[in-house]
Amino acid sequence: MADEKQTINRIETDTDPVSQCLENFSDGSLYKVTTFYRNRLEQAIEEAVKGVSLVLTYEGYFNGQEHQKVTELADNGEQAESTKLLLNLVIEKDAGARRMMWKSFVKMRNGVPKLDKILAEIEQIGPSVAHYADCREEITELPKYLKDAQEQHKEILRQRNETLDLNTILIKEKVKISHLNARYTELTIISPVRHRKLIEHELIARGRDHEEWREMHLRRELEKIRIDQLFRSCFSQDYQCHTGKGQVVQIHSGCSVVVSGVPGIGKTTLLQKIVYDWASGNIYPHFQFVFSFKFHELNTINWKSTLKEMILLFYPYLEKFVEDLWKNPASLLFIFDGLDEFKDSIEFLDSQSDAAPQSICMDPEIPCKVSDIVSSLIQKQLLPGCSVLLTSRPSELQLLEKADISVWAEILGFVGEERKEYFQKCFGDQTVAAAVFKHVEENEILYTMCYNPSYCWILCLSLGPFYTQGNRKQQQVPRTITQLYSYYIYNLLKNHGRGIENPRDVLLKIGEMALTGVFEKQIVFRNEDLIKYNLQPSQFLSGFMLEIFERNDSARCVVYTFLHLTIQEFVAALAQFLTPNLEDIQELLNNVQSKEDGRFEIFLRFVAGLSSPQAARPLEELVGPFLHQTTCRVIDWVQEKVEKQIGNTGSKSGKRDLLNTLHYLFESQNKALAQTTLGSVERLQFGDSDSQKALQLSPIDCAVLSHAIGLCHTIKHLDLRNCYIQSEGLQRLEPSLHKCQVLRLEGNDLDDSGMQLLCLVLKHPKCKIEALGLADNGLTASCTENLSFVLSTNRSLKGLYLGYNNLGCSGVKHLSVALKHLDCEIQKLALNDNELTDSCVKDLTSALSTNRSLTELNLNNNKLGDSGVILLSDSLRKPDCKIQELRLADNALTDSCIKVLASALSTSRSLTVLSLWSNSLTDQSIPALSHLILNCESLQCIWIGENSFTSNGEEQLHLLQKSRSGFRVEM
C-alpha cells in the first residue's frame, strides 16, 4: 500500500490549474459538475476504473465489498457496468468521496485520453463550468403568448416528423410508412470526425476500419455521443445567465455542431428523430424554439432574404411572434441538413482575418444571401448565443475547416448484431430474414457494406424475392454489387413497368439524367430536369425516384431524388448499355478517368459489372439485349486499365488506380479476362515502408484483392505494408495468401487474432510463403504457441520478421521450441524491438545449439545486456553454428561482454555481418574487436557507430578496414 499512499500524497500536492479549479468548487458545485459529466465519465474511465476504486478504498471512502464488486465487473469484461457502479457509489456518498475521485482523475489523465478531454474542458472554462451546469438545466419561463406559439410549433413538428417513409419495389405498397419510434434504430455517433479530408468514394470509404474503430471508441480515443448530449459539452461564446439565486453570471453558450456521414447512413433520419424528440419534450429543454431546414429546399431561395423571411417561409404560423425570439438567442436551435446538397458555396475566413462586410449578416431582419445567413449563424455573428446543428457528407467537411465548430461528430452506422436486427425488422417472416442475412453474411462484399442503413434496405428489397418466390433459383442469388443492383432494378421494372410502352427508352432517359447528376454532383431533380429529358411524372418514374414535397415561393412543389446515390450511379451506368451510340461509351470512359475526386468510382464499377452476363441477363428479359459492341468496348477498357496499372504502383495514386481497376475486374466476373490480365503477374504492391505512401485497404478492398490473387498463377510478392488491413481485412485475404512467396504485412495492426489466421495460411498443404513480414502488428506472447507449432511443420517458410511487437521472453520461449525442431526451415529471424531481456537468452541459446538452418538473427533494440550476450556466446562458439548475420544494436552492452563475444565469434566460418551499433562500448573493447576482425575471416562488415569510442579509438577501428580486401567498419 506504500505506493498507493505516495500516489495520494502526490495527488494532494498537485497545483495545476484544473486541480485548483476543482478545489475551489463548493461541495454543491462539485456535485453538479459530477452529475453533469456523468454520462461522459462512464465512458472515459472504463480503462482506469479499478485504479480509481483502489484509491477510494485506500482513502476509506469504499469498503472492501464495494471495491470487490467494482473490480469483479471490470475483470469479467463488464467495464461499462463497473464504471456505472463506481459513479453511483461516489454520488451517493459524501463530498469527500467526490473530491478524491476527481483528484485521482487529475493524476491519471495523461494515460486516459477521454478523461483528459473532460479535464481540459474544465481547465479551459474554469469556475463557470459549475454555473453552466446550473443554467443548462434551468428552463426560462416563457410569456403565455409565446408559450402558446411554442406549443403550436411543437405540435406541427410532431406531425411532420412522426412517420418514416421508405420506398419499396411493390406496386401495391409503393411507400412503406412506419412510426418513427417503431422503426428508428439507434446509430453510433462518435467524436471527433475521422478522415476529415477524403478523396475516395464516400459510400465505401467509411466501410474501412468500421469494426475496429467501433471497438476503439469503447476502449480509448473515440467518444460515443447520444443525441441528447450533442450540445452538452459546448463552451463557445459568453452570454448572461440568471442562476435563480439573484445572480447574473457571464457564461458560455452558442454551439455549432457538425454531424457527418456517408450517403444513406441516416443523417436526415437522425435529425428527424432529434426534432421529433424535442417537440415531444424528451430532449433539449433549454431550447425554446427549434427550426429545421434542408439545404436542397433552401436552394429555391434565389434572392436575398432575411433570417425572419427564411423562418416564415417554412413556419408561417409564427409570423406574429418571430421578432420576440431574437431577444433570447441562446434559446434557439437552427438545424441545417445536407450541406453537400447546397448549390451555393459557404465561405469562412480565418478567425484572424477581417471578413468582407458583404459576407457578414448581423441582423435577422436585413436581407442577405442564404449562404451568408448560414455562415453568420455558425460563426455567431448573427444572433450570438444561438446554436446550430449541421449535417454533411465527409467530402464537404473541408468547407468547414475555418468555421467556428464546437463539436465534430460522425455517424458510424451499424455493426455486428445491429445489422442482423435491421434485417429482422425488414421481414415479417423471420425464416426469410434469417436466410437473406445468412447469404449477406457469407458474402464479404455485401456484408461489409451493411454498416449503411440505406444499403441494408436495398439488400432486403433485392434479395427478399429470392427467398419468397418459388420460381427463383437459389444459385442465381446476387454475389457482386452490380448483380445486386441489377436485380433491384429488375424488381422495380416487374412491379412498376406495366403499361409502359417502351421501358427501355424511358430507362435510357432516366439514366441520362442520372449521369448528368453524377457529373454535376446533383442528387435532387426538378420538373424542369424531367422536361429536359422528355420524362413525365408517372407511376413508373416514382418507382425509381423518391418524391419530395418542397416549398418554393410559398407554394408546394414536387422534386425527385433517387432512393440512394448508388442507385443513381447504377441507372447512369445502365443507360450506357441501352444507347445505340457506341461513341458515347468510348468518350465517357476517357472523360471520367480525368476526375480525381472519386465521384465516378462506383459508377465505373457498375459499368464494368454490367458487361457480365450474370448482371445483364435479368434486365435484358425486360428491356431487351444490351448493345454487344458496348459490352466488348467495356471489356477492352478494363483489360487496358489492368495492363496499364499493374506495374504502375510507385505512387499512392498509382496504387489507388490499380485497386479501382481490380474492383472493375471483380465486378465484371469475367474469369477469362481476369486470367488473361492477371495470370502472369508476379508482384502486387499497395504498401510502402512510408505509411503516407501506402494505400489503406478496407475489408471490401481485401476481398477483391483476394479474388485477384486467386487468379494469379505466378504471384510471388504481395506488399501490403502499412495498409492497415487489420484482422478483418486479413480474414478476407486468407483464402489466397498461401500462393504468395513473399508476404509483407508490416504495420497492419493485425494483433494476435490476425496471427491465428496466418497460422491457418501456413498450415495450407500448398503454402508457398518463403518470407513473412509481421513487424509492428501488436503481436504478443499469446500468439506464439500456435505459431511455434506451425513453424515445426511448415517446410516453405525461410524468413520470419517479427520486430516491433510485444512478444517478450515468454514469446521467445515458444519460438525456441520450434527452432529446435528438425523440420524447422527458418533461416532468417527478426526479433528486434520486442522487450527481450537476458532471461529469454537461455531458451534461445538452447535452440541455436541444435538448429542447423538459422543464418540471420536480429536482436536489435532489446534489453539483453552483458549477461544476455555472454549466455548467447555459448551457442555462437559451437562449430555447427550457421549464423551469418548477427544484430545486437542498442542492447545496453558494455565492454564487459565484448571479450567473451569476440572470442566466441573469432572461430566462426559463417559470420559475415555483426552489428553492435548504439551500445556503450569504449576504447577498452578495441583489443577484443581487433582480435575478432583479424581472426574471423568470413566477416565482411561490422557496424559499430553510436558508441563511446574516443576519436583515437575510432581511428584504430577504421585502420582495421585495411586488414583485408572488402572488409568494412561502419561508424
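Predicted model: local features only at pLDDT ≥ 70, side-chain atom pairs only at ≥ 80, totals over all residues.
A residue counts as buried when its relative accessible area is under 20%, as exposed when that area is over 50%, and as partly exposed in between.

Phe36 has a relative accessible area of 8%, so Phe36 is buried. The structure holds 26 aromatic pairs. In one of them, Phe36 is paired with Tyr37, with 5.1 Å from centre to centre and 80° between the planes, an edge-to-face arrangement. Planes over 60 degrees apart count as edge-to-face, and those under 30 as stacked, with the rest called tilted. Tyr37 is buried as well, because its relative accessibility is 1%.

A tilted pair is formed by Tyr455 and Tyr485, because their planes stand at 40° while the ring centres are 6.4 Å apart. This pair links distant parts of the chain, as its two members are 30 residues apart. Tyr455 belongs to helix 23, which covers residues 453-468, and Tyr485 belongs to helix 24, which covers residues 481-496. Tyr455 has a relative accessible area of 0% and is therefore buried. For Tyr485 the value is 1%, so this residue too counts as buried.

Ring pairs also join into a cluster. Its members are Phe289, Phe291, Phe293, Phe295, Phe314, Tyr315, Tyr317, Phe334, Phe336 and Phe342. Another kind of ring contact involves a charge. Lys154 lies over the face of Trp278, at 4.9 Å from the centre of the ring.

The backbone is the next topic. Gln726 lies in helix 36, which runs over residues 726-733. With a relative accessibility of 4%, Gln726 falls under the 20% limit and so counts as buried.

Asp890 likewise has a positive phi, near 55°, in a residue other than glycine.

Notes:
Residues numbered from 1 in each chain as written. Heavy atoms only, no water. Helix = DSSP H or I, 4+ residues; strand = E, 2+ residues; numbered from the N terminus. Buried < 20%, exposed > 50% of the residue type's maximum accessible area, 1.4 Å probe, protein only. Phe/Tyr/Trp six-rings, centres within 6.5 Å; stacked < 30°, edge-to-face > 60°. Lys NZ or Arg CZ within 6 Å of the ring centre and 35° of its normal.
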